Amino acid sequence: MVVDAAPAWGVWTLLTLAALAAAADWYLSTKPTTWLRWMSKGAVPALLVVAVALYSVSGNKPSWAAVAATGALALCLLGDLLLLDDKRFISGGVAFAAAHVLFIGALLLDAYGEGWPAGPGVFVALGIVAVGTMTWARRVVSATEPAGMKVMTGSYLALLSLVIIAAGIDSGAPGGWLALAGAVSFYVSDLLLTSRRARALDAIAAGDGPWVMITYHLALFCLAGWALMA
């Protein structure tokens, strides 16, 4: 895809602003939620959505994979804002689940467009999913209460595992390993968040923490980077 110099500078500016917002959010995640936290948390996916969309439309023709990834990032923005209100935790989880479905579709579309460039990334992805499921994920699901939330958590982690596998399938495409790193980071972030909620003693401990947000933002930046190459 051929991109003009002006949009390219715009994309880099947006990515830089997103990185600054992410750093601010890591600090604010340790504090009680205020309007500043709403701004910092929402700014990161919002800026990445605009960056990927700007890059896509400035070329000759945006790929369907990039379009789907942009939609997934927009759903992450919705999920972020919903999860700031603990009463909307399930709604936030549904938004993220929809985002993961779009990410899976985007990754498979990219793999299809590249002629299914299978490589060692598939086996790496399957290995990560197998180890994660049998160790950390199993412990997190077991510690989650009540039973209904246990089922939802297990289903959500299974969906994230499919994102990792889809990224592994697409690992041979341009930026494919970046997508795989992003999918794994998403998996780690949500395992950290679920672990915090399972053992929380207060509202702050039940919510985001620096490591939850660092791994989550790493996932967003990696997946956005892959979308810029798709």
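This is a predicted model: local features need pLDDT of at least 70, side-chain atom pairs count only at pLDDT 80 or more; totals for chains, interfaces and linings use all residues.

Modeller: Let us start with burial: a residue counts as buried when its relative accessible area is under 20%. In helix 6, the buried residues include Thr153, Tyr156, Leu157, Leu159, Leu160 and Ser161. Val163, Ile164, Ala166, Ala167 and Gly168 of helix 6 are also buried.

Biologist: What span does helix 6 reach from its first C-alpha to its last?

Modeller: One compares the span with the value expected at 1.5 Å a residue. Helix 6 has 23 residues and reaches 33 Å, close to the expected 33 Å.

Biologist: Which residues touch the most other members of the largest nonpolar core?

Modeller: That core has 53 residues, and those touching the most other members are Leu48, Leu73, Cys76, Phe103, Phe186, Leu220 and Trp226. Helix 9 gives the largest share of this core, ten residues. As one case, Leu220 is in contact with Val44, Pro45, Leu48, Leu73, Cys76 and Phe186, leaving aside its neighbours within four places in sequence.

Biologist: How much space lies in the largest pocket, and which residues are the closest to its centre?

Modeller: The largest pocket holds about 590 Å³ of space. It is lined by 29 residues, of which Phe89, Gly93, Thr153, Tyr156 and Thr194 are the closest to its centre.

Biologist: Which helix supplies the largest share of that lining, and how is the lining divided by class?

Modeller: Helix 7 supplies the largest share, seven residues. By class, the lining has 17 nonpolar, six polar and six charged residues.

Conventions. Residues are numbered from 1 along each chain as its sequence is written. Side-chain values use heavy atoms; hydrogens and water are left out. On a 1 Å grid over the protein atoms alone, a cavity is a set of points where a 1.4 Å probe fits but cannot get out, and a pocket is an open set with protein on both sides within 12 Å along at least five of seven lines; lining residues have an atom within 4 Å of a point. Grid points are joined across faces, edges and corners, and a volume is the space filled by probe spheres set on the points. Helices (H or I, at least four residues) and strands (E, at least two) are DSSP runs, numbered from the N terminus. Ala, Val, Leu, Ile, Met, Phe, Trp, Tyr, Cys and Pro count as nonpolar, Asp, Glu, Lys and Arg as charged, and the others, Gly among them, as polar. A nonpolar core is a set of buried Ala, Val, Leu, Ile, Met, Phe, Trp, Tyr and Cys residues joined through side-chain atoms within 4.5 Å. Buried means under 20% relative accessible area, exposed over 50%, partly exposed in between (1.4 Å probe, protein chains only). Contact means heavy atoms within 4.5 Å. The expected span of a helix is 1.5 Å times one less than its number of residues.
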